Amino acid sequence: MAKVAYYPGCALNERSSHLDRSARDATEKLGFELDELESWTCCGAVPPVSKERIMNLIAPSRILKNVRDSGRDMLITICDFCYNTLKRTNFSIRTDDIIRKRVNAFLADDTPTRSYLEDDTTPWRDYEGEVKVVHLMEYLRDELGYSGITEKLKRSLKGLKIAPYYGCVMLRPFNEIQLDSPENPTIMEDFIRSLEAEPVNYPYRTECCGSYLSVSSPDASTRLCYRILSSAMKNGADAIVVSCPLCFYNLDSRQKVVLDAYPDFKTIPVFYFTQLLSLALGVELDRQGFERHYVDVSPALEKIGSGKGDKE
């Protein structure tokens, strides 16, 4: 089975381990393996805004250099924050001579430590952005093809209306990310159609859910989540699909707070895209981690016959 270098990141290793597991299950069904890096650290989750402060680029640069040094030229990640951080770091190293030199000066300091390892004979080479950073959804679209997913479906999701939620970091800034249009994206809608479900269009699919404001200004995040969730439901959605662990936390777990603040609010299930994918590819329900969701997903699953394998 083909292997692709995989960076799970901190959230998928802990709180969002069901996102990690469903991704591994789904990709195995599709014929390739997410090959987790042997040694990885947190990417930092936030790239620097100022060019004068490059410390936030060191950790992601070290991860990317290790991928290059292992002989691989592509790295898959799923978490939107990890994807944004790694891809923007790569962009900075490729396009800015000063940043590239400063980052490599820091990375070169790893060499004295590595010299104590008797079997480490890797010669030093500056990292110049050689690794291609890819979101799993991007890999499915461009490398496998969404039609290839449809051909492998074991459970059709026909009858389920799903609202895609992009959030704010998956697509922006466009000149650095270049995954899809930040104003009118289609990658998630096309993914939903590949599972034979129906995508729901609504106004707030690319708006921020509050992100880290859920800690510093929770009321602001609650207002934003209410607006996003209510809009999806008013436009006919049975469920919402996300890829970002922080978006999932805000849109799923925060529904309890939204209920307290807005008595007219009705809850709606939230899925990771990998859960819907693995479910459609025939992975068992008890491997999806649905018990970790705040909002019960059963009403949405009943729309597709509780995933009883209608294509088997």
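Because the model is predicted, local features were required to have pLDDT of at least 70 and side-chain atom pairs pLDDT 80 or more, while totals for chains, interfaces and linings use all residues. Residues are numbered from 1 along each chain as its sequence is written, and side-chain values rest on heavy atoms, with hydrogens and water left out.

Helices (H or I, at least four residues) and strands (E, at least two) are DSSP runs, numbered from the N terminus. Strands of a sheet pair through backbone hydrogen bonds, either parallel or antiparallel; here two strands are taken as paired if DSSP finds at least two bridges between them.

Strand S5 (residues 161–164) pairs on one side with S6, in the parallel sense and over 2 bridges, and Lys161 stands opposite Glu198 in S6. Strand S5 also pairs with strand S7 (residues 239–242), again in the parallel sense, over 3 bridges. Along this pairing, Ile162 has Ala239 as its bridge partner in S7, Ala163 stands opposite Ile240, and Pro164 stands opposite Val241. Strand S7 is in turn joined to S8 by 3 bridges, the two running parallel, with Ile240 opposite Val270 in S8. In a regular strand the side chains alternate between the two faces of the sheet. In S7 both faces are covered, since Ala239 and Val241 on one side and Ile240 and Val242 on the other are all buried (buried means under 20% relative accessible area, exposed over 50%, and partly exposed in between, with a 1.4 Å probe and protein chains only).

Rolling a probe the size of a water molecule over the atoms shows where empty space is left. On a 1 Å grid over the protein atoms alone, a cavity is a set of points where a 1.4 Å probe fits but cannot get out, whereas a pocket is an open set with protein on both sides within 12 Å along at least five of seven lines; lining residues have an atom within 4 Å of a point. Grid points are joined across faces, edges and corners, and a volume is the space filled by probe spheres set on the points.

Helix H1 (9–13), helix H4 (80–95) and helix H13 (245–253) are the elements that give two or more residues to the lining, and H13 contributes the largest share, 3 residues. The lining divides into 13 nonpolar, 1 polar and 2 charged residues, where Ala, Val, Leu, Ile, Met, Phe, Trp, Tyr, Cys and Pro count as nonpolar, Asp, Glu, Lys and Arg as charged, and the others, Gly among them, as polar.

About 40 Å³ of space lies in the largest cavity, whose lining includes Phe81, Tyr165, Cys208, Cys244 and Leu246 and divides into 9 nonpolar, 2 polar and no charged residues. The second largest cavity holds about 30 Å³ of space and is lined by Lys132, Val134, Glu138, Tyr139, Asp142 and Glu143.

Lys152 lies in the loop between helix H8 (146–151) and S5 and, at 37% relative accessibility, counts as partly exposed. Not counting residues up to four places away in sequence, Lys152 touches Lys29, Leu30 and Leu281. Arg21, found in helix H2 (residues 17–30), is partly exposed with a relative accessible area of 31%, and, leaving aside neighbours within four places in sequence, Arg21 is in contact with Asp286, Arg287, Gln288 and Gly289.

Methods
Contact = heavy atoms within 4.5 Å.
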